[in-house]
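Look at the chain below before reading on.

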Amino acid sequence: YTLWPFWVDTHVDPPFRKGAQNKVVDAHGRIVRHYSDVPDVLKQLSGEGYELGVASRTSEIKGAKQLLDLFGWKRYFKYVEIFPGSKITHFSDIHKNSHIDYKDMLFFDDEARNIMEVGKLGVYAVLVGDGVNHRVVEDALRLFSKQ
């Protein structure tokens, strides 16, 4: 519920593939959609020089990675941490690989527990209600820059 309106491990059925009209579909041929602003947001942030990462605690690792690839988003993410467990571990790995201080990271998530947990590291964490969109990102960047 951050990049797409479902949980990969419960609401859709992998494997995913390209179907009719180049739409991404699940194992039953149902169209799998992402939030409408996400492709533009990722392209814009990447183009502006931000290093992007994914931190997902899904147990459907292969399916989540398939979706990133099929939606054409893999190229935007320098750091991909997709595995079950605490987001503290995801961010620890990103920190080790990027050498970026937690205080210089901005994180969007749909679950309050993740926001609380990662926020304790010093990461600027933003709870999203209906996924990532231009307004949410612009507001977060503005507030982040003021801190």
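The paragraphs below cover the elements, the dimensions and the nonpolar cores.

This is a predicted model, in which local features need pLDDT of at least 70 and side-chain atom pairs count only at pLDDT 80 or more, while totals for chains, interfaces and linings use all residues. Residues are numbered from 1 along each chain as its sequence is written, and side-chain values use heavy atoms, with hydrogens and water left out.

The chain holds five helices and six strands; helices (H or I, at least four residues) and strands (E, at least two) are DSSP runs, numbered from the N terminus. Their order from the N terminus is β-β-α-β-α-β-α-β-α-β-α.

The C-alpha trace spans about 45 × 30 × 25 Å along its principal axes. Of the 147 residues, 38% are buried, meaning under 20% relative accessible area with a 1.4 Å probe, protein chains only.

In soluble globular proteins, nonpolar side chains tend to be buried together. A nonpolar core is a set of buried Ala, Val, Leu, Ile, Met, Phe, Trp, Tyr and Cys residues joined through side-chain atoms within 4.5 Å. The largest one here has 31 residues, and Trp4, Leu67 and Trp73 have the most contacts inside it. Two or more residues of this core come from each of α1 (38–47), β3 (52–56), α2 (61–70), β4 (77–82) and α5 (134–146).

Leaving aside neighbours within four places in sequence, Leu67 is in contact (heavy atoms within 4.5 Å) with Trp4, Phe6, Val8, Phe16, Val24 and Val32. A second, separate core has 10 residues, among them Ile94, Met105, Phe107 and Val118.

Notes:
Buried means under 20% relative accessible area, exposed over 50%, partly exposed in between (1.4 Å probe, protein chains only).
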